[in-house]
Amino acid sequence: MSAAGLAALKAEIVECFRCPRLVAWRELVARERVARFRDEPYWGRPVPGFGDPNARILIIGLAPAAHGGNRTGRVFTGDASGDFLWAALHAVGLADRPSSRRADDGLTLFDTRIAAAVRCAPPANKPTIDERDNCAPFLARELAALDRCRVVVALGHFGWDAALRAFASLGHPGPRPLPRFGHGADAAIGPWALIGSYHPSQQNTFTGRLTAPMLRDVLARAKVAAGGD
């Protein structure tokens, strides 16, 4: 699909009101804000995918952060998880800078696109099963639109499960039993290589469960698998 096709998908995503609980939460957060961002405008809507429309690598996260993507309007932008991810992407040559705090800062991804399994910030960062399923078609359509994509990096178990569901909906259900998530786990399903990484949440990065070298190693593997140098 062309960049225009992805733009049309983005327009549909940002106008979604399918999940009443998520709509109420994202709008409440945008109205009440937190003290450190009280003078900033909030996006307060579903957050679309971001990156290269010709990407060979798709990174899948869980959902926008309440005061990150839900505030800035761009996935993994304006929060600590994003800071950790952008630095790793830059280190392996997949981003043009090591940090990004605003959606209008000109950040460029190379051969890479990033999307969330659930497009709205959920309360306690925990979507319900119905909310997960309501959002799943967006991810499948985004993956299908990226006709050069050959590698999917799943951030966390939720991202891994979302990737497997997207593959199945596109006619590639994978083996049984399904491949299990783990940091560095990999599987070949249909035309895609799936690689797992712990999510760069503060819970993981502050405790050392996920370190910068660990994330860089996964992203470097993805780059090689996609045909990069």
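Me: Which helices each supply at least two residues of the lining of the largest cavity?

Reply: Happy to start there. This is a predicted model, where local features need pLDDT of at least 70 and side-chain atom pairs count only at pLDDT 80 or more, while totals for chains, interfaces and linings use all residues. Residues are numbered from 1 along each chain as its sequence is written, and side-chain values use heavy atoms, with hydrogens and water left out. Rolling a probe the size of a water molecule over the atoms shows where empty space is left. On a 1 Å grid over the protein atoms alone, a cavity is a set of points where a 1.4 Å probe fits but cannot get out; a pocket is an open set with protein on both sides within 12 Å along at least five of seven lines; lining residues have an atom within 4 Å of a point. Here, α2 (20–32) and α5 (129–145) each supply at least two residues of the lining of the largest cavity. Helices (H or I, at least four residues) and strands (E, at least two) are DSSP runs, numbered from the N terminus.

Me: What volume does the largest cavity have?

Reply: About 90 Å³, where a volume is the space filled by probe spheres set on the points, and grid points are joined across faces, edges and corners. Of the 13 residues lining this cavity, C16, C19, L22, C120 and C135 are closest to its centre.

Me: And which residues lie nearest the centre of the largest pocket?

Reply: They are S81, N125, H199, S201 and Q202, out of 31 lining residues. The volume of this pocket is about 770 Å³. Its lining has 15 nonpolar, 12 polar and four charged residues, with Ala, Val, Leu, Ile, Met, Phe, Trp, Tyr, Cys and Pro counted as nonpolar, Asp, Glu, Lys and Arg as charged, and the others, Gly among them, as polar. The second largest pocket holds about 250 Å³; K10, P48, G49, F50 and R113 are the closest to its centre among 15 lining residues. Its biggest contributor is α1, with four residues.

Me: Which strands pair with β3?

Reply: Two strands pair if DSSP finds at least two bridges between them. β1 (residues 50–51) is antiparallel to β3 over two bridges, and F50 has I114 as its bridge partner. β2 (residues 57–61) runs parallel to β3, joined by five bridges; G61 stands opposite A116.

Me: Which residues have the most contacts inside the largest nonpolar core?

Reply: In soluble globular proteins, nonpolar side chains tend to be buried together. A nonpolar core is a set of buried Ala, Val, Leu, Ile, Met, Phe, Trp, Tyr and Cys residues joined through side-chain atoms within 4.5 Å. The largest one has 29 residues, and L89 and I114 have the most contacts inside it. Its largest share, five residues, comes from α4. Leaving aside residues up to four places away in sequence, I114 touches several residues, including F50, L58, W86 and L89 (contact means heavy atoms within 4.5 Å).

Note on methods: Buried means under 20% relative accessible area, exposed over 50%, partly exposed in between (1.4 Å probe, protein chains only).
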